[in-house]
Amino acid sequence: MSADVPHDSRRYVLVYSDRYVADIGPHVFPVAKYPMVVAELIHRCGVARSEFMEPTAPTREQLALVHTTEYLDDFLSARWTPRTAASEMPLTREIVDAYVLSAGGTLLAAREAVRRRGFGIHIGGGFHHTFPDHAEGFCYLNDIAVAIRVLQHEGVIRRAAVVDCDVHQGNGTARIFQHDSDVFTLSIHQYHNYPPKEKSDLDIGLRDGAGDEEYLVALGEALPARLEAHRPDLVIYNAGADPYEHDLLGGLALTKKGLARRDELVIGWCAAHSVPIVSLLAGGYAADTGDTVDIHVNTCQTMIEAARRAERVV
Ligand SMILES: [Zn+2]
């Protein structure tokens, strides 16, 4: 019984902070989704609020493994310059703190996933449009890259893979790891959408309106072979909810069922190969935020269930 497994021996970890909910004014990004996902997970998956680990802020030195001095000077001082103003987000001290803490959350989830040989579930993160020297999209710090670089720097991992299933290409992440053969980047996205494309190790650019079958066949044909070839010590799964058919910023047409099958494909591969995996929320802009929350919760639930199966096997 999973409930009998001591907290620290569990194969999954949940990471979240209430401080992710910064005041960003009227904005399409639904920060309210964070506590809604937490509440729904407690309701649906039998987890306790006390199970969620609170991240700490990464050090400036850790952020500097990815980001330039000039950019960190601007961003950490909440200074509005061309480097930060490319973000499409306001910039206040509270917002700076939320993004720094969220980078800490992805790092904590990744560290715990490796330590537990399991599943790190971050109710946050996925800011894949951030470049080393400037913000972009709704993204100020590339938490994905920070987590990988810090764990590599500490010798915790050597090889990593980023499986980016947000509807928008993971352009910042692609650029950061473009010449790094230890980090495999895969992005499956809508081709004719923001952003201007960078080069991932594998880009799957789908046509407007592509639905479940087209998406799942494309991902299913590529993912297992490429991950088996790369042999990552850690997979970071950027599980955007925005390929959903009713998303306001996405032009794909996946159903919730299709998105759940996507989750099973990625998480199932990691579970079958005993590769630690971290899931991140990333984007999600459904007309009804309840739909975005539902899709995120499905991903988290698939992670928890895979962990509970792994706990029973050992
Ligand atoms: Zn997106």
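**Ground rules.** I am working with a predicted model, where local features need pLDDT of at least 70, side-chain atom pairs count only at pLDDT 80 or more, and totals for chains, interfaces and linings use all residues. I number residues from 1 along each chain as its sequence is written, and side-chain values use heavy atoms, with hydrogens and water left out.

**Overall build.** I find 10 helices and 8 strands in the protein. Helices (H or I, at least four residues) and strands (E, at least two) are DSSP runs, numbered from the N terminus. The C-alpha atoms fill a box of roughly 55 × 40 × 40 Å along the principal axes. For the radius of gyration, taken over C-alpha atoms, I used the globule rule of 2.2 Å times the number of residues to the power 0.38. A compact globule of 314 residues would come out near 20 Å, and the protein has 18 Å, which agrees.

**Contacts and surface.** I count a contact when heavy atoms are within 4.5 Å. Of the contacts between residues at least 6 apart in sequence, 75% join residues at least 24 apart. Buried residues make up 61% of the 314 residues; buried means under 20% relative accessible area, exposed over 50%, and partly exposed in between (1.4 Å probe, protein chains only). The accessible surface comes to about 12000 Å², with 53% of it belonging to carbon and sulfur atoms. Those areas come from the Shrake-Rupley method with a 1.4 Å probe, and for residues only the protein chains shown count as cover.

**Zinc site.** Which residues are the protein donors of the zinc ion? I get D166 (OD), H168 (ND1) and D242 (OD), lying 1.9 to 2.2 Å from the ion. Donors are N, O and S atoms within 2.8 Å of the metal (3.2 Å for Na, K and Ca), and water is not among the atoms, so sites may look incomplete. Along the sequence the donor spacing reads D-x1-H-x73-D. Buried or exposed, I wondered of D166? D166 counts as buried at 2% relative accessibility, and D242 is buried at 0%.

**Helix α6.** I checked residues 143–153 and found α6 mostly covered, with 10 of its 11 residues buried. Among them are I144, V146, R149 and Q152. After α6 comes G155, with a positive phi near 80°.

**Between α3 and α4.** T81 sits in the loop between α3 (69–76) and α4 (82–85) and is buried, with a relative accessible area of 16%. I put the C-alpha atoms of T81 and Y71 at 9.2 Å apart, for residues 10 apart along the chain. A78 lies in the loop between α3 and α4 as well. A78 is not a glycine, yet its phi is positive, about 55°; A78 counts as partly exposed at 25% relative accessibility.

R231, in the loop between α8 (212–230) and β7, has a positive phi of about 50° although it is not a glycine. R231 counts as exposed at 57% relative accessibility. Last, I noted a cis peptide bond from Y194 to P195, with omega near 0°; P195 is in the loop between β5 (183–190) and β6 (202–206).
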